[in-house]
Amino acid sequence: MKKIIALLVLCLGVSLTACGSSGSEVPPSLTLSQESVELQKFETCTLSYELINSKAEVVWTSANEEVVTVEDGLVTAVGIGNATITATAGELTSTCEFIV
């Protein structure tokens, strides 16, 4: 009887250990809703993002504000050309290319 109880305790301990530390935690990531967008001058587009396993604030920047501007994900085409919008959260970044 003692052997059965010891075996049950051992199996239970192994089961709890296996369930508690799966080792498959999802790494932090930042993904934008679109990878590239074509706009006409003065049109707007709203980019959304998915931020996984990070509580960092998302900061938006435009590589060429003469072509597109961005504020809280709202992109406005203000000139003709190409520009990249970058969302940054801590060390994570994601980009979307714009053609106007």
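This is a short chat about the predicted model shown above.

Reader: How many helices and strands are in the protein?
Author: The model is predicted. The protein has one helix and nine strands.

Reader: In what pattern along the sequence?
Author: Reading along the sequence gives α-β-β-β-β-β-β-β-β-β.

Reader: What share of the residues counts as buried?
Author: Of the 100 residues, 27%.

Reader: OK, the core. Which residues have the most contacts inside the largest nonpolar core?
Author: Leu47, Trp60, Val68, Val75, Ile85 and Phe98. That core has 21 residues. Strands that give two or more residues to it include S1 (29-32), S5 (58-62) and S9 (92-99). The largest share, four residues, comes from S8.

Reader: Why would such side chains sit together?
Author: In soluble globular proteins, nonpolar side chains tend to be buried together.

Reader: What is Phe98 in contact with, leaving aside neighbours within four places in sequence?
Author: Its contacts include Val37, Leu39, Leu47, Val68, Val75 and Ile85.

Reader: Switching to S7. Which residues are on its covered face?
Author: Val75 and Ala77. Leu74 and Thr76 make up the uncovered face.

Reader: How many bridges join S6 to S7?
Author: Four, and the two strands run antiparallel. Thr69 stands opposite Thr76 in S7. S6 and S7 form a hairpin with two residues between them.

Reader: Which residue in that turn has a positive phi?
Author: Asp72, at about 55°.

Reader: And S3 with S7, over how many bridges do they pair?
Author: Three, in the antiparallel sense. Thr46 stands opposite Leu74 in S7.

Notes: Residues are numbered from 1 along each chain as its sequence is written. This is a predicted model: local features need pLDDT of at least 70, side-chain atom pairs count only at pLDDT 80 or more; totals for chains, interfaces and linings use all residues. Side-chain values use heavy atoms; hydrogens and water are left out. A nonpolar core is a set of buried Ala, Val, Leu, Ile, Met, Phe, Trp, Tyr and Cys residues joined through side-chain atoms within 4.5 Å. Buried means under 20% relative accessible area, exposed over 50%, partly exposed in between (1.4 Å probe, protein chains only). Contact means heavy atoms within 4.5 Å. Two strands pair if DSSP finds at least two bridges between them.
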